[in-house]
Amino acid sequence: MKSRFQTLANLMAFSMMLAASTFSLASDKNLERGRYLVAVGGCNDCHTAGFAEALGAIDENLRLLGSPVGFSGPWGVTYAGNLRLAAQRMTLNQWLQRVSNPGLPPMPWPSLLAMTHDDKIAVYTYLKSLGPAGVESPANQPPGIPIQTLHIPFVPQPAEQASTQEVSSSALKH
């Protein structure tokens, strides 16, 4: 009887270890998928200060901390939030709810909304894996309030007309 009990206990332990390793592999795959989606989705372009200027050469532990530089337009001013802090304070269900509803420009909401449910989970998994770091970005502002931070205007500008003489002399120099 004791050997049957021991065999059953060993079998259960082995099953739990197998399930745990399968879960771990799934998590690692999900984590890598999230890392990939963040990279090709261009999340770092706005959510990592200095990313474009450094041609992406920013250590991973300094990424996705948000930016104090705003984007201004008719909607007011928006800031690229600290995604690492956002993921830490949200449950998975809260995250899925948030990324399944559009927000303000210039965030490319259509791209995020086009992600599959599993892709959104993978991005969350990756953000959670980075851990909390940095500080909150400034709060978005409605239109009409004086802008107290650096900001990039997202407002169409009229075309600049060069005179024919300027164009001709410019072309001759090349």
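User: How many of the 174 residues count as buried, as a percentage?
Analyst: This is a predicted model. Of its 174 residues, 28% count as buried. The label requires under 20% relative accessible area.

User: What makes Asp119 buried?
Analyst: Its relative accessible area is 13%. The cut-off is under 20%, so Asp119 is called buried.

User: Why is Arg89 called exposed?
Analyst: Arg89 has 51% relative accessibility. Exposed means over 50%, so Arg89 gets that label.

User: Why does Glu136 count as partly exposed?
Analyst: Glu136 has 46% relative accessibility. Buried needs under 20% and exposed needs over 50%.

User: Where do Glu136 and Arg89 sit in the chain?
Analyst: Glu136 is in the loop between H6 and strand E3. Arg89 is in helix H3. They are 47 residues apart, and the pair links distant parts of the chain.

User: What makes Arg33 and Asp119 a salt bridge?
Analyst: Their closest N and O atoms are 3.2 Å apart. The limit is within 4 Å, so the pair qualifies. This pair also links distant parts of the chain: Arg33 is in helix H1 and Asp119 in helix H6, 86 residues apart. Asp119 is buried, whereas Arg33 is partly exposed at 36%.

User: Why are Arg35 and Glu32 separated by about one helical turn?
Analyst: Both belong to helix H1, residues 2-40. They are three residues apart there, so about one helical turn separates them. Arg35 is partly exposed at 27%. Glu32 is partly exposed too, at 42%.

User: Which residues are linked in a network of salt bridges?
Analyst: Glu32, Arg35 and Glu60 are. By the distance rule, the count comes to four salt bridges.

User: How many helices and strands does the protein have?
Analyst: Seven helices and three strands. From the N terminus, the order is α-α-β-β-α-α-α-α-β-α.

Conventions:
Residues are numbered from 1 along each chain as its sequence is written. This is a predicted model: local features need pLDDT of at least 70, side-chain atom pairs count only at pLDDT 80 or more; totals for chains, interfaces and linings use all residues. Side-chain values use heavy atoms; hydrogens and water are left out. A salt bridge is a side-chain nitrogen of Lys or Arg within 4 Å of a carboxyl oxygen of Asp or Glu. Helices (H or I, at least four residues) and strands (E, at least two) are DSSP runs, numbered from the N terminus. Buried means under 20% relative accessible area, exposed over 50%, partly exposed in between (1.4 Å probe, protein chains only).
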